[in-house]
Amino acid sequence: MYLIKLVFRNALRHKLRTALTVLGLVVAVLAFGLLQTVVHAWYAGAEAASSTRLITRNSISLVFPLPLTYNEKIRQLPGVRSVSYANWFGGVYITEKNFFPQFAIEPRSYFTLYPEYLIPPEQLRDFLRDRRGAVIGRKIADIHGLKVGDIAPIRGTIFPGNWEFVVRAIYDGAEANTDTSQFFFHWDYLNETMKKTVPRRANQVGVYVIGLTSADRAAEVAQALDATFRNSLAETLTETEKAFQLSFVAMTEAIVVAIRIVSFLVIFIILAVMANTMAMTARERVAEYATLKALGFGPWFLASLIAGESLAIALVGGLLGIVCTYPVAHEFGRAMGTLFKVFEVSNETVWMQLAAIVIVGTVAAVAPATRAARVRIVDGLRNIG
Amino acid sequence: MSHPIVEIRNLVKSYRRGDQVVEVLRDITLDIAAGDFVALMGPSGSGKSTLLNLIAGIDKPGSGVLRVGGIDIASLNEAELADWRGANVGFIFQFYNLMPVLSAFENVELPLLLTRLSRAERREHVHTALGMVGLTDRMAHYPSELSGGQQQRVAIARAIITDPAILVADEPTGDLDRTSADEILKLMERLNTEMGKTIIMVTHDPYAAQRARHIQHLEKGVLVIDGRG
């Protein structure tokens with residue numbers, strides 16, 4: 001109890017110095033949390049992927065389509081529960097800044113495969129009835145102020161032309177990490193248009209989404225599926241949904257690595273600042289430590305005084321940093337719009353922040369605590385002799 | 001002479017400064033009786049503070065015999081010495097060496113944290129000690145709120161709180177004006193005469209030294225005169 005009282009009073013001796021150190025910790029822990037959240041957001045798609053879904057694409061590249069006729073053949077493979085398909089549309093909503101992914105999908109099978117997209121039944125019914133209808137995620141609706149019944153004009157890039165969709169449904173995510181920044185419309189609408197404008201591009205799909213009867217059969221089904229279409233004009237590459245999502249992350253892995261490195265650098269810098277603060281503090285109090293030793297207090301007591309003070313400052317600054325991470329991340333996520341599918345501070349990030357605080361508080365105290373514990377009383381009591 | 005509480009025989013202390021070995025104390029032989037009040041005098045660098053540090057167990061001799069209260073303190077390890085100091089020695093420093101973040105009460109209580117006394121018992125002891133130095137009305141004050149003389153009185157209360165047999169004082173009046181110094185010296189005299197404390201005081205001040213029963217002079221690490229008494 002006495003030790004704790006002494007620790008806190010010591011920590012408040014130089015109020016300005018302590019306040020500036022705490023401020024530095026707040027900024028560092030906040031920056032660390034924010035950067036880690038960006039990294040998490042990068043992997044959000046892969047983390048939300050289901051282990052019972054496979055994605056099949058053209059083995060040459062995702063750019064090349066697959067024939068619609070594969071649909072029935074895939075459905076008949078053992079271990080396949082259901083099949084759906086989708087095309088990346090790549091259109092622009094008003095301006096390029098308003099990016100969000102758009103997919104032409106086969107709606108009945110697609111939404112069965114993605115139960116995490118929660119659509120009110122009456123809205124889904126309206127969407128299924130309207131060939132020009134669209135289902136949009138809650139995030140898009142919020143950012144662009146779209147509501148059911150609104151017209152959403154999209155300028156096609158891969159599929160040229162001005163497309164007008166009617167928002168028929170808005171879906172919410174079943175989980176916090178469910179992506180609600182997507183725009184879905186009828187694959188038939190796209191296909192019928194292609195038949196009229198570019199017939200050679202009709203009856204082609206971008207990817208097949210395959211629902212498995214059991215996650216254990218993923219490798220077996222993927223192998224069988226690719227073997228089925230080997231030596232055909234459009235050979236397939238089948239992988240789990242997670243692997244498929246990670247292949248996109250891999251394209252930008254250098255950025256993710258850089259963000260990670262910067263986040264740890266921030267912690268390293270605050271560690272150096274904190275260590276300097278504690279070293280200064282301990283240097284100023286050498287005579288006090290020597291006095292305490294002369295009175296009979298052991299080296300552990302002195303080490304505890306310094307370590308306690310370091311940890312107390314680190315905890316106050318760090319916890320404030322963690323608290324600030326939530327509103328700042330929320331605003332940051334909003335400012336980024338649909339760039340990140342999900343931008344939430346994860347529990348893992350908070351644990352990492354806490355670990356960083358404890359490490360900073362402990363490591364910063366090691367050198368001054370050791371010096372204080374080893375100080376010779378006669379050297380510390382400069383006033384004597 | 002009554003039974004000696006400090007027995008020093010052929011004590012040598014030297015320091016290494018670079019390649020050189022500097023002998024600070026040479027062949028010191030001295031007995032200090034229990035209940036004595038000894039002043040150690042001498043010019044700067046004569047070794048008086050070093051001798052005081054050795055007797056107080058905060059430094060170790062190079063060779064010779066150093067027994068305090070019958071214990072060969074040179075043979076104790078750091079932890080044993082710390083315990084021994086806590087129980088047997090009270091320190092009075094020139095610049096008081098109080099903890100600035102603790103009140104007068106808390107500063108005096110500090111050494112008692114190393115004992116098994118309960119909080120209530122500690123409080124009682126602190127009240128008694130602060131009463132002896134006449135500072136019961138300043139218990140809640142922090143060192144920065146006290147005058148130099150008052151701070152030194154708090155330091156004396158801290159020194160006697162564990163009822164040690166020996167008080168070591170290094171220039172206890174060196175930072176005080178004459179009036180405050182006089183008060184401190186009177187207090188030390190009282191501790192010696194009324195409570196029977198053995199006091200060993202390093203001082204430059206002949207006026208302060210006159211309050212002691214014996215004066216020992218050191219010059220260049222050697223005891224030259226066994227003074228008054």
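Modeller: A residue is called buried if 20 or more other C-beta atoms, placed from the backbone, lie within 10 Å of its own, exposed if 12 or fewer do, and partly exposed in between. Helices (H or I, at least four residues) and strands (E, at least two) are DSSP runs, numbered from the N terminus. The model is predicted, so that local features need pLDDT of at least 70 and side-chain atom pairs count only at pLDDT 80 or more, whereas totals for chains, interfaces and linings use all residues. Residues are numbered from 1 along each chain as its sequence is written, while chains are lettered from A and ligands numbered from 1 in the order in which they are written.

Biologist: Which residues of H11(A) are buried?

Modeller: The buried ones in H11(A) are A:Glu288, A:Tyr289, A:Ala290, A:Thr291, A:Leu292, A:Lys293, A:Ala294 and A:Leu295. Because 8 of the 10 residues of this helix, which runs over residues 286-295 of chain A, are buried, it is largely enclosed by the rest of the structure.

Biologist: What covers the buried residues of H11(A)?

Modeller: The cover is read from contacts, two residues being in contact if their C-beta atoms, placed from the backbone, lie within 7 Å. From chain A it includes helix H12 (299-335), H13 and helix H14 (377-380), and from chain B it includes H2 and strand E6 (89-92). After H11(A) comes A:Gly296, which has a positive phi near 115°.

Biologist: How many residues of chain B are in contact with chain A?

Modeller: There are 22 residues of chain B in contact with 20 residues of chain A. On the chain B side, the elements giving two or more residues are helix H1 (48-56) and helix H2 (78-88), and the largest share, 5 residues, comes from H2(B). To sort such residues, Ala, Val, Leu, Ile, Met, Phe, Trp, Tyr, Cys and Pro count as nonpolar, Asp, Glu, Lys and Arg as charged, and the others, Gly among them, as polar. The chain B side then divides into 12 nonpolar, 6 polar and 4 charged residues.

Biologist: At what angle do H10(A) and H13(A) pack?

Modeller: Axes are lines fitted to C-alpha atoms, for helices over the stretch in contact, and angles run from 0 to 180 degrees between N-to-C directions. Helix H10 (residues 253-284) and helix H13 (residues 347-374) of chain A pack at about 30°, with their axes 9 Å apart. Among the residues that meet are A:Ile267, A:Leu271 and A:Met274 in H10(A), and A:Val360, A:Val363 and A:Pro368 in H13(A). By class, this contact has 16 nonpolar, 1 polar and 1 charged residues.

Biologist: Which residues touch the most other members of the largest nonpolar core?

Modeller: A nonpolar core is a set of buried Ala, Val, Leu, Ile, Met, Phe, Trp, Tyr and Cys residues joined through C-beta atoms within 7 Å. The largest has 121 residues, of which A:Ile306, B:Leu40, B:Ala157, B:Val168 and B:Ile200 touch the most other members. Helix H2 (residues 15-47) of chain A gives this core its largest share, 12 residues. If neighbours within four places in sequence are left aside, the contacts of B:Ile200 include B:Leu40, B:Leu52 and B:Val168. A second, separate core of 48 residues includes A:Phe127 and A:Trp163.

Biologist: How many helices and strands does chain B have?

Modeller: Chain B has 7 helices and 10 strands, and its C-alpha trace spans about 50 × 40 × 40 Å along its principal axes. Of its 229 residues, 49% count as buried.

Biologist: Is B:Glu171 buried or exposed?

Modeller: B:Glu171 is buried, because 23 other C-beta atoms lie within 10 Å, and its place is in the loop between E7 and helix H6 (178-195) of chain B. Although B:Glu171 is not a glycine, its phi is positive, at about 50°. B:Asp163 lies in the loop between helix H5 (148-160) and strand E7 (166-170) of chain B. B:Asp163 is not a glycine, yet it has a positive phi of about 55°, and with 12 other C-beta atoms within 10 Å it is exposed.

Biologist: Where does A:Ala215 lie?

Modeller: A:Ala215 lies in the loop between strand E12 (207-212) and helix H8 (218-228) of chain A, and with 11 other C-beta atoms within 10 Å it is exposed. Residues up to four places away in sequence not being counted, A:Ala215 touches A:Ser51 and A:Thr52. The C-alpha atoms of A:Ala215 and A:Ser50 are separated by 8.9 Å, although the two are 165 residues apart along the chain.
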